[in-house]
Amino acid sequence: MIGIRTLLRFKTTDCKKDLGTVFKKMNKDTKLLFGDLLETNKTRKHRLKLADKIVVDEKEKENNYLNRLKSQIEPTMEDGISSMVNDSKQNLSQEYYGKLTAEMPSEMIIHETPKRDIPSVTNILNTTMSEKSKAALENWKKSMIEKLGEDGFNKYSRELMAMGSAMHTKIQSHLTGHQPDVSHYDEVENCWKSLDAVLKNVSKPILVEKMVVHDGLSYRGIVECVAFYKDTPVVIEWKKSSRDKSSLQATYDAPIQLAAYMGAVNNDISYDFKVEEGLVVVAYSDGHPANVFKLTKQACLDYWKIWMGRLNKYKQIQSSFK
């Protein structure tokens, strides 16, 4: 059997160029057999540099998205921090929660604010949707009707709403200490699986699916959850999706909605605490792990200003009908 050195000597008798050709062929054959070599310092630096660039690009996209939203609204007299955060209330904390549970039976911690004849957050956001968003929604509706027919589309819409409601009911049961029922919708069960790691970090729910009212700005809504996430008090928005939402801006109006509910919680006379951070959580109908987007106090204030612009626009639209 001819040894490797003998082979190389035979191949490189005429010139050094033959040796280089042999090595290239050997490297190529080795790569085909065993795959790429271990990461070198050069490739590692390139990979880390690329990862940093992706993070910077995502942050820049988020900032650009916020700036575009801000540029589309008119400033209002009430868009300051004071209309979102009521300084007369105390911060929700572990100590406060302990005091609250010690003084009251658990069923009295979550109390109801009576409904009033004022607009809801959902109604305000739908009414003030941008023309581009309205057109996209209308085009989607037309394409679905062409595909399913009018009756089929109506059935599909009802099922979407039913699945969303079932998912929220399942989360509500879990957070209020009850065993969630198994849904007959596979997508809901997949969403439940998607939320597994997130729910393990949610504790001490204070408000779950409760009406809140901003008394100063006269709007209302159903806040989905106020609880502790990894020991930090937050307002949580749960969202269901069949498509991956890799960035906060991909959740459309969800952070604006969250800021609106946060402002209502902080100014509702029924509650003597305030919350200044939030989470938008997207669960997936195929079961893969949910995305969690945490909004800092500053991010919540930024989206609050956008919400104030939408609320102001809504009032202008309503005034034009009178």
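1. In the protein chain, 71% of the contacts with a separation of 6 or more are between residues 24 or more positions apart; contact means heavy atoms within 4.5 Å. The model is predicted, so local features need pLDDT of at least 70 and side-chain atom pairs count only at pLDDT 80 or more, while totals for chains, interfaces and linings use all residues. Residues are numbered from 1 along each chain as its sequence is written, and side-chain values use heavy atoms, with hydrogens and water left out.

2. The chain has eleven helices and seven strands. These are DSSP runs numbered from the N terminus, helices being H or I of at least four residues and strands E of at least two. Of its 322 residues, 37% count as buried, that is, under 20% relative accessible area with a 1.4 Å probe, protein chains only (exposed is over 50%, partly exposed in between).

3. The largest nonpolar core has 46 residues, and those with the most contacts inside it are L207, Y219, V226, F273 and W307. Such a core is a set of buried Ala, Val, Leu, Ile, Met, Phe, Trp, Tyr and Cys residues joined through side-chain atoms within 4.5 Å. Elements giving two or more residues to this core include strand 2 (202-214), strand 3 (219-229) and helix 10 (254-267). Helix 11 gives the most, with ten residues.

4. Leaving aside residues up to four places away in sequence, V226 touches L92, K204, P205, I206, L207, V234, V235, V265, F273 and V275. Another core, of 22 residues, lies apart from the largest one; M167, A227, V234 and I236 are among its members.

5. Helix 7 (residues 131-175) and helix 8 (residues 186-194) pack at about 40°, their axes 9 Å apart. Axes are lines fitted to C-alpha atoms, for helices over the stretch in contact, and angles run from 0 to 180 degrees between N-to-C directions. The two helices are therefore oblique to each other: angles under 35 degrees count as roughly parallel, over 145 as roughly antiparallel, 65 to 115 as roughly perpendicular and the rest as oblique. On helix 7 the contact involves M163, A166, M167, K170, I171 and H174, and on helix 8 E187, V188, E189, C191 and W192.

6. F293 lies in strand 7 and is buried, at 13% relative accessible area. Its C-alpha atom is separated by 5.1 Å from that of V280, 13 residues apart along the chain. Among the residues F293 touches, not counting those up to four places away in sequence, are K245, L248, T251 and V282.
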